[in-house]
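Here's a quick tour of the side-chain contacts in this model. Have a look at the sequence and the structure first, then read on.

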Amino acid sequence: MNLGWALLIRSTRTLRHWTRTRLSQEVGLDHSYIKLMERDGYVPRAEKVVAIADALGIQRKRALAAAGYAPADLTPDEWEAILTDLRARDRLCPELRAALRGLHGLSGSQLQEADAMLVGLARGFALAREQ
C-alpha cells in the first residue's frame, strides 16, 4: 500500500478532469485496476508506472519515486524536496493526520510500515505540486 502513489494518481487525474475510465483507456488497463491504485495505493510494475506517468504528463522519475521505485538519478536535493514537502503540515490529508496521532504504542515493524507510507505520501505531494 502506497498512499503517496495513490494521491499522485488521483490528484493528477482529477486535475486533468479525467475519469478513471479515461485513464484506463489511455494506458490500456482495466478501470478496476485504476480504482485499486487510487483507493488502496496498489503499485503496479515499474513499466506500468511509466505508462501511467506518460499518460498523465508526470515526469517519469518522479512517478517512479512516488511508487517506491527509487530512480538512480534522483539527486539528494530532489529527495530532500520531497521530504520537506511532507513537513508542510497544512498539506496533510485528514486521514494522515489521524494516522499520525495514532502512532503512539506501535511496534517497531508497524512504525517501519508507517514510515514507508509517509515517505510515499511525501513523494506524492511533491509530484502533485509540480503539476
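What follows covers charged pairs, then rings.

This is a predicted model, where local features need pLDDT of at least 70, side-chain atom pairs count only at pLDDT 80 or more, and totals for chains, interfaces and linings use all residues. Residues are numbered from 1 along each chain as its sequence is written, and side-chain values use heavy atoms, with hydrogens and water left out.

**Salt bridges**

Side chains of opposite charge can pair when their charged atoms come close. The structure holds six salt bridges, a salt bridge being a side-chain nitrogen of Lys or Arg within 4 Å of a carboxyl oxygen of Asp or Glu.

| Pair | Closest N to O |
|---|---|
| R20 and E38 | 2.7 Å |
| R22 and E26 | 3.0 Å |

Which residues make up a network of salt bridges? R13, R20 and E38 do. Helices here are DSSP runs of H or I with at least four residues, numbered from the N terminus. E38 also bridges to R20; R20 belongs to helix α2 (residues 20-27) and E38 to helix α3, so this pair ties together parts 18 residues apart in sequence.

How exposed are these partners? R13 and E38 are both buried, meaning under 20% relative accessible area, whereas exposed is over 50% and partly exposed is in between (1.4 Å probe, protein chains only). For E38 the relative accessible area is 1%, while R20 is partly exposed at 24%.

R22 is partly exposed at 36% relative accessible area, and E26 is partly exposed at 41%.

**Rings**

Rings of Phe, Tyr and Trp (its six-membered ring) pair if their centres lie within 6.5 Å; planes under 30 degrees apart count as stacked, over 60 as edge-to-face and the rest as tilted. By this rule there is one aromatic pair. Y33 and Y42 form that pair, edge-to-face, with 5.6 Å centre to centre and 75 degrees between the planes. Y33 is partly exposed at 24%, and Y42 is partly exposed at 37%.

Finally, R16 lies over the face of W18, 4.4 Å from the ring centre. A charge sits over a ring if NZ of Lys or CZ of Arg is within 6 Å of the ring centre and within 35 degrees of the ring normal.

Conventions
Helix = DSSP H or I, 4+ residues; strand = E, 2+ residues; numbered from the N terminus.
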